[in-house]
Amino acid sequence: MGDMKNEFETLPAAGPMAQSSKDFKSDQMVRWCPGCGDFAILATVQKVLPTLGIPREKFVFVSGIGCSSRFPYYMNTFGFHSIHGRAPTIATGIKCTNPEMQVWVVTGDGDGLSIGGNHLIHALRRNVDIKILLFNNRIYGLTKGQYSPTSEIGKKTKSSPMGTIDIPLNPVAVALASEASFVARAVDTDLPFLSDVLTRAARHQGSVFVEIFQNCIVFNDGAFDSMAAKEVREEKMLKLAHGQPMIFGAKKDKGIRLNGLEPEVVSFDPAKPPKDLLVHDERANSSTLAQLLAHMAEPVPEGVFRDVSRPALHELMHAQIRQAKAAAPADLQKLLNGPETWSVEAEGTL
Amino acid sequence: MNDAKTKAVQSTLPIEEIESAVIRFAGDSGDGIQLTGMQFTTTTAFAGNDLSTFPDFPAEIRAPVGTIAGVSGFQIQFSSHEVLTPGDAPDVLVAMNPAALKANIKEVNNGGLVIVNSDTFNAANLKKAGYEKNPLEDGSLSHVRVIAVELGRLTRNALEGMGLSATETERCKNFFALGMMYWLYDRPMEATLGWIAAKFKKNAKFVAANQKALHAGNAYCETAEIFGHHYRVRKAPIKPGVYRNITGNEATALGFVSASAVSGIPLWLGSYPITPASDVLHELSKHKNFEVKTFQAEDEIAAIGSAIGAAFAGHLALTTTSGPGVALKTEAVGLAVMTELPLVILNVQRGGPSTGLPTKTEQADLLQALYGRNGECPVPVLAAATPGDCFAMAYEACRIAIKYMTPVFLLTDGYLANGSEPWLIPDVSKLPRFGRSPLPPVGEFQLYKRDPETLARPWPLPGLAGYEHRIGGIEKQDITGNISYDPDNHERMVRLRAAKVNKIAQDIPPTEILGNKQGKVLLIGWGGTYGSITSAVHNLQKAGKSVSSVHLRHLNPLPPDLGDLMAGFEQVIVPELNMGQLLKVLRAKYLVPAVGLNKIKGQPFKVAEIQTAVDAALGGK
């Protein structure tokens, strides 16, 4: 895409093919800490959007409060940096009233799962056609280092000097339980894979939830190193692929099979994989398999857990409006008159 | 209605002309009291009287049968002259059980008429109502005229052989009672007979039974001669035109729909159910053919959040609630102020604080609307004066929101919301026109570059190429709208936001004053107390007292001429259903020694309460 931009950049209203990642960069200075995982995610989003064939004025980015929520300021699209936790509500209002917009929500583990948890689950269950990216760094960054609802139990932070005593939430499991129609996970350091996941997220019609493991270099550096660091990733993470057996490891010599209701890891000769390996089905009607994968601690699955199709909220809402309009024309005077009226004649005739 | 059986009994008993009457129906929640009251109201309106109603229902959906907690009431005042309130005290109380009698008897005028359903005065019901002895027998009701009617038995007799179960028969007794009241006030029954036919059109048996109960009650009064004579209230001299009955909540909803239809800006309502505002959500959700989109959100915050999103995307956005809901929405209101998005927040006030008195009325959220936010956060505040005025103020709130690009608070209250009055239906072609301001050309567009007339910023809708912009809750740089932490810019923006809201004063018409522009006492009211204050002032003026009144519908900004008006009077009295909230504002802004007249009982002012207090202030002069 980068090579094409010079031909078209003098044509402001040109077609979508004219767009490059540069068109999606605003003139505002990006103010995240040097080395923050957010930079890579921003760059990936700016790379994916021009490939979708949608002009940039049809995008809107909505966020709440937190480091990740600065995201809209750096996108040269429409944007709304709102208040803590409420981005899904604002995004719902935008999508339902202006369905031609592609609406993205950028949130974090505190914004999306703590103060805004209620809005997150309801936006997902309603199948609002919005793409929610939850940057999970397992810490509060903007308020300088308190534990979050995804912090691992026992974690020592500024607000938990003796370690946290509350069980963390599993974001993917929450999204699945909320009946999101698209649920995925990716890591901020594996950009080609993140790019694939975001492209699929962008193309999905309905509620999208993508958890992105994101490193906070200042307050929680290395939070995902045990699974996502380059040297261990292939052994500790499982890339999900629809219709494919669940195989991982640098040598493709490990897989997942079911033992009763529990998934277990089996090792094998890569030339002769066992026949009873679990096969991924992201389109299953039930979210049972996806839930099982969501709770798997090793390897940690990434990719698309679930991708099912059902009507989005705005489609159902607009269908009812069309139906009501067909049934009764909008006659305002008739509406004001109501079911029963009476006339008062001019005075003197009483 | 050609059937001879449907005609009201041709009375041979004498008729007494009276000017006005106040009737209260009271009974168990399940007795059909609200329905009976609404039928009496419709018939009374058709008869040409002016009227005002006040339903008063319990907070519980189905409180234990026969208890005081379960008593539901409906009061109506009707008259051959102007009526502004549902009346202070009933002339006639219809009590369907001992609890209804006990809960209401204290308010009945001395010498008033009390009709009780004596079938229900058994030991069990008396005990549930807290009566140790039967009040029909112990002489405690000697100050009123009691008419004991065996409503249950008479209804059963009338409907015998119609194939109804005992429960179905019992349910018709409210129509027997209504038939009696129609006889007493010489009302035609056609409207109610027609309503019954339409309501039960799927079940001919119920149509026949309820119509028969209505006739039976009517005939019973004539043949049993229990009242001796009946009353006639002549038509009132009402402004000519086409009328309907309307409650405040209905009028509010229709005001919103009309504002949307006239401006061409589609409506979005984000709401969460709450008493007494839910009826606005119900009403608006019926009007999808007007492109009204209603969204029942997961909570109050999501409700306003969705509305802010809809406003950003170009809709006429609303959120409707009551005081506790406003408390939850507070942070989001600040966001709408900061982002300068049009939004109407309806607060149908109820008794507070906290859950308070959900079904009762109060005016204690004025300071919340004016000041209840972090930071310097000005929001225009409007208040409706009567049920019908809710239409005009809902419309005006939308107009101001769009013209000035600002959230607007609209205050009504439980009394206005559920009360009804005859409403002169507006002519749609005469509603004030308004709409979106044109956008500046792409090259000149800057998000916070304001219209000098209104100080409003442009409102470019998402999707428009060349108008891409980012907004949010962080302080904005003047003109560009970029994030700015510059100290001078912050002060400039705070002052600009305040100046914009103050500009709205240019749209406020000259304040109407009831009475002379100079005198001893000026009453200043706002909101649902209009009827009581105005009636009291009428009475005081008739008695030759030097009293005038003004009623505010704009509370922020206040009308520009208010200070001069107050200067014409020796004393300013501010009646409010709170501890003196408007009073505080007036004293602070104008440095006037105004005094309050306050009531915090969850009930509206009685006319006499205001009259007495003003009389006292005048020292009998």
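Which residue of β9(B) does A:S343 stand opposite? The points below take this up, then turn to a helix of chain A.

1. The strand pair between chains. This is a predicted model. In it, A:S343 stands opposite B:V242 in β9(B). Three bridges join β12(A) to β9(B), residues 241-247 of chain B. The two strands run antiparallel.

2. The contact as a whole. Chain A puts 57 residues into the contact, and chain B puts in 60 residues. Several elements of chain A each supply at least two residues of the side that touches chain B. The helices are α3 (87-97), α5 (117-125), α11 (313-327) and α12 (332-337). The strands are β2 (78-81) and β12 (342-344). The most comes from α3(A), which gives eight residues.

3. Make-up of that side. Where chain A touches chain B, its residues divide by class into 28 nonpolar, 20 polar and nine charged.

4. Helix α7 of chain A. This helix covers residues 191-203, 13 residues in total. From its first C-alpha to its last it reaches 18 Å. That is close to the 18 Å expected at 1.5 Å a residue.

5. The buried face of α7(A). The buried residues are A:L194, A:V197, A:L198 and A:A201. Viewed down the axis of α7(A), they fall within an arc of 100 degrees, so they line one face of the helix. An α-helix has 3.6 residues a turn, so residues three or four places apart point the same way.

6. What covers that face. The cover over the buried residues of α7(A) includes α2 (38-48) of chain A. Strands of chain A also take part, among them β4 (130-136), β5 (182-187), β6 (208-213) and β11 (300-307).

Methods:
Residues numbered from 1 in each chain as written. Chains lettered and ligands numbered in written order. Predicted model: local features only at pLDDT ≥ 70, side-chain atom pairs only at ≥ 80, totals over all residues. Helix = DSSP H or I, 4+ residues; strand = E, 2+ residues; numbered from the N terminus. Expected span 1.5 Å × (residues − 1). Buried ≥ 20, exposed ≤ 12 C-beta atoms within 10 Å, placed from the backbone. Arc of directions from axis to C-beta. Contact = placed C-beta atoms within 7 Å. Nonpolar A, V, L, I, M, F, W, Y, C, P; charged D, E, K, R; others polar. Pairing = 2+ DSSP bridges.
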